[in-house]
Amino acid sequence: SSSPESVGEIGNNKSSAIEEIKQKESSDVNDLSANHTYDIVLRSSELEPSLHQVELPSCADLLVYARLCSVAESYREIDQNFDFSNLVGQSRLNSEQFSRGSAPFSLSNSDNTDLRHYGSVADSERSIMQSVFECTEDLVLESFFYEGSEEYNRVEVAVFSSQRLRQIIVSYRGPTELQLKPVKTKHTKQKEEGGGVSILHPDQPAPVNPIFRDSYFTNKLEEQVFTSVNDLTSQNPFFDVVTTGHSFGAALATIGALRYALASPMIRVSCHAFGSPRIGGVLLRQLVNSLPNLRVMRIELDKDPWVLMPEGSKWDHVGHSIVISLQSSPSASNDKDKKKISSPSVVAYRFKNRQPSGGGHFWMSASKKDRCKYSHDIRNYVHGMEQFTNLKLPWAKSYEGEEGGGVTGLSHERRHLV
């Protein structure tokens, strides 16, 4: 048997060993904290999104973005030589004074020489300026960037600010040909058959359509745009950042919103994409829909065939969809019924809880001539939303299937059933 002295000595040694282990663990933790920094990354999900992710925009706000996209696509139709960067820093007040001839209007030509003149500016330039400032009353073009040597074959990005909306708005436009037909199946197949996997970025290894990725990461376009947006958010710390675009530009706007939301997790970012094709697959959808500071709204006309392109199960949409129906029914028997049926309607679908847009069925069944007839021209989107605002028609206030009170807990908190 052991003596009391030996038992006490064993106990003391054991306590000492335990104390040494605790000190070593504490030292290791301190060394780890000193040598490494850890970023806290917040994530949400489609089942438990943040309030910002699911907030439905008003029709009036969407009309502002649609008009901006329309200006971006049509200003060269008015004057093919117009330099859009001439509008940087100009306000609506300056434009109105210029139109009345009561104040000089400052424009800069290609060599940055200041041009001041009164009524000598062509009516086409005046029309372009007014179309910009009519989007919303206090819109200011802060910067303008483009990549590409040919005017009709380049990517253009315009950065606006609005004190009334408290937003920094980034408008994307793709090359003219791709704006008309945003998906080129042959280009995509050639990329895939080449053996390479087209991922968005090494930091976001989600497969995407290569034509969108290649156009977005052109030279240093993203760096220029983000630098301008960062400068504006520093000057206006409570502003939201909104990206928008139509057709091919809608895909670029979605990528830009995703990238900026990841880089600036403390800023609320929204993307309002009009007639957007499918950009990537399930991995991209999961990434976009998991960012609590990012809201993606796809606005679709029900007869727009491009919103379900490219075809195939590996392609998927991101965010939510707001589907606008403008077409009357050919089965209406009289003028009264036609008028009733032709009233525009709108339905919002949350994440994957949406039915396929009517454009997909129409694309498969209609002739080539009819497909062209129901184009996804941005002016059709503007016209559709103007009907809602002018006629004061009801706009989507909730998502399809969520009109009721739902399932709530004892304290009226919302519950999801799985």
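Reader: Which residue in β9 stands opposite T243?

Author: C271 in β9 stands opposite T243. The structure is a predicted model, in which local features need pLDDT of at least 70 and side-chain atom pairs count only at pLDDT 80 or more, while totals for chains, interfaces and linings use all residues. Residues are numbered from 1 along each chain as its sequence is written, and side-chain values use heavy atoms, with hydrogens and water left out.

Reader: What joins strand β8 to strand β9?

Author: Six bridges join β8 (residues 240-246) to β9 (residues 269-274), and the two strands run parallel. Strands pair if DSSP finds at least two bridges between them; with six bridges, β8 and β9 therefore count as paired.

Reader: How many helices and strands does the chain have?

Author: The chain has 15 helices and 14 strands.

Reader: What is the order of the strands in the open sheet?

Author: The order of its eight strands is β3-β4-β5-β8-β9-β10-β11-β12, and the pairing is mixed.

Reader: Why do β3 and β12 stand at the edges?

Author: β3 (140-147) and β12 (345-349) each have a single partner strand, so one side of each has no neighbour in the sheet. From one strand to the next, the twist averages 15°.

Reader: Which strands does helix α10 lie across?

Author: Helix α10 (residues 248-263) lies across β4 (155-162), β5 (167-173), β8, β9 and β10, and runs at about 155° to β8. Helix α15 also packs on the sheet, where it touches β8, β9, β10, β11 and β12. The direction of α15 makes about 95° with that of β10.

Reader: What makes α3 roughly antiparallel to α15?

Author: The axes of α3 (residues 59-78) and α15 (residues 378-390) cross at roughly 150° and come within 9 Å. That angle makes α3 roughly antiparallel to α15, for angles under 35 degrees count as roughly parallel, over 145 as roughly antiparallel, 65 to 115 as roughly perpendicular and the rest as oblique. Axes are lines fitted to C-alpha atoms, for helices over the stretch in contact, and angles run from 0 to 180 degrees between N-to-C directions.

Reader: Which residues in α3 meet residues in α15?

Author: Among them are C59, L63 and E77 in α3, which belong to a group meeting residues of α15 that include I378, M385 and T389. Contact means heavy atoms within 4.5 Å.

Reader: How do β6 and β7 run?

Author: Strand β6 (residues 199-201) and β7 run antiparallel and are joined by two bridges. The two strands form a hairpin with two residues between them, and I199 stands opposite P207 in β7.

Reader: Why is D316 called buried?

Author: D316 has a relative accessible area of 8%. Buried means under 20% relative accessible area, exposed over 50% and partly exposed in between (1.4 Å probe, protein chains only); D316 is therefore buried. D316 is found in the loop between β10 (294-301) and β11 (320-325).

Reader: What does the side chain of D316 make a polar contact with?

Author: The side chain of D316 makes a polar contact with the side chain of R285, at 2.9 Å. A polar contact is a pair of N or O atoms within 3.5 Å; within protein, one must be able to donate a hydrogen and the other to accept it, and residues adjacent in sequence count only if both atoms are side-chain atoms.

Reader: What does R166 count as, at 41% relative accessibility?

Author: R166 counts as partly exposed at 41%. R166 is in the loop between β4 and β5, and has a positive phi of about 55° although it is not a glycine.

Reader: Why does N219 count as exposed?

Author: N219 has 66% relative accessibility, so it counts as exposed. Its place is in the loop between α8 (210-216) and α9 (221-235), and its phi is near 50°, a positive value in a residue other than glycine.

Reader: Is N289 buried or exposed?

Author: N289 is buried, with a relative accessible area of 3%. N289 lies in the loop between α11 (282-288) and β10. The C-alpha atoms of N289 and Q53 are separated by 8.1 Å, although these residues are 236 residues apart along the chain.

Conventions. Helix = DSSP H or I, 4+ residues; strand = E, 2+ residues; numbered from the N terminus.
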